[in-house]
Amino acid sequence: MSLLDDFSHKCILMEKKRTPDGAGGYITAWEEGAEFLNYQSLDTSMEARKAEKDGVTSVYSALVNQRVPIEYNDYFRDTETGITYRVTSNPEEKAAPRSAGATVRALKFFTAERKELPK
């Protein structure tokens, strides 16, 4: 067990499904997708706290395995708390440096915000 394991949260990607409503429109539903481990923490920097007071949502920093198919603007749910988050940065742009150890190189970084699933 590593130090990272102490911070892991089991999460599930939420997949958007659109079906015809029979009247020319569509009904949006959300289904559970891939399950993954997320290593996330709330950004408590002075800038983040000031932004929250100005109405900006809380920002979380997250790490996931490189193989997790998560992308910018995806939604995921923490299975323990039921809280839903939206990915607010592109995980593919934040790879670990080559000088990092193998465990860290196997992870990718992104930011997320608490956000309810859209209707």
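Arg86 touches Tyr72, Asn73, Asp74, Tyr75, Thr111, Ala112, Glu113 and Lys115, leaving aside residues up to four places away in sequence. Contact here means heavy atoms within 4.5 Å. This is a predicted model, where local features need pLDDT of at least 70, side-chain atom pairs count only at pLDDT 80 or more, and totals for chains, interfaces and linings use all residues. Residues are numbered from 1 along each chain as its sequence is written, and side-chain values use heavy atoms, with hydrogens and water left out.

**Arg86 and strand 5**

- Arg86 is found in strand 5. Strands (E, at least two residues) and helices (H or I, at least four) are DSSP runs, numbered from the N terminus.
- Arg86 counts as buried because its relative accessibility is 15%. Buried means under 20% relative accessible area, exposed over 50%, and partly exposed in between, with a 1.4 Å probe and protein chains only.
- The side chain of Arg86 makes a polar contact with the side chain of Asn73, at 2.6 Å. A polar contact is a pair of N or O atoms within 3.5 Å; within protein, one must be able to donate a hydrogen and the other to accept it, and residues adjacent in sequence count only if both atoms are side-chain atoms.
- In a regular strand the side chains alternate between the two faces of the sheet.
- From strand 5, Thr84 and Arg86 point one way, while Tyr85 and Val87 point the other way. All of these are buried.

**Overall fold**

- The chain has two helices and six strands. Along the sequence, the pattern reads β-β-α-β-β-β-α-β.
- The chain holds 119 residues, and buried residues make up 27% of them.
- Among contacts with a separation of 6 or more, 58% join residues 24 or more positions apart.

**The barrel**

- Six strands close into a barrel in the order 1-2-3-6-5-4, with antiparallel pairing. Two strands pair if DSSP finds at least two bridges between them.
- The twist from one strand to the next averages 45 degrees. Axes are lines fitted to C-alpha atoms, for helices over the stretch in contact, and angles run from 0 to 180 degrees between N-to-C directions.
- Strand 1 and strand 4 run antiparallel and are joined by four bridges. Cys11 stands opposite Asp78 in strand 4.
- Strand 2 (residues 26–42) and strand 3 are also antiparallel, with four bridges. Ser41 stands opposite Ser61 in strand 3.
- Three bridges join strand 4 to strand 5, again antiparallel. These two strands form a hairpin with five residues between them. In the turn, Gly82 has a positive phi of about 80 degrees.
- Strand 5 is joined to strand 6 by three bridges, and the two run antiparallel. Tyr85 stands opposite Arg114 in strand 6.

**Aromatic pairs**

- A pair of aromatic rings is described by the distance of the centres and the angle of the planes.
- The count comes to five aromatic pairs. Rings of Phe, Tyr and Trp (its six-membered ring) pair if their centres lie within 6.5 Å; planes under 30 degrees apart count as stacked, over 60 as edge-to-face and the rest as tilted.
- Phe36 and Phe76 form an edge-to-face pair, 5.8 Å centre to centre with 70 degrees between the planes. Phe36 lies in strand 2 and Phe76 in strand 4 (residues 75–78), so this pair ties together parts that are 40 residues apart in sequence. Both Phe36 and Phe76 are buried.
- The rings of Phe76 and Tyr85 are stacked, because their centres are 5.3 Å apart and their planes are at 20 degrees. Tyr85 in strand 5 is also the bridge partner of Phe76.
- Phe36, Tyr60, Phe76, Tyr85 and Phe110 form one aromatic cluster.

**The nonpolar core**

- In soluble globular proteins, nonpolar side chains tend to be buried together.
- The largest nonpolar core has 13 residues. Such a core is a set of buried Ala, Val, Leu, Ile, Met, Phe, Trp, Tyr and Cys residues joined through side-chain atoms within 4.5 Å.
- Phe36, Val64, Ile70, Phe76 and Phe110 touch the most other members of this core.
- Strand 1 (8–20), strand 3 (59–65), strand 5 (84–87) and strand 6 (107–114) are the elements that give two or more residues to this core. Strand 3 gives the most, with three residues.
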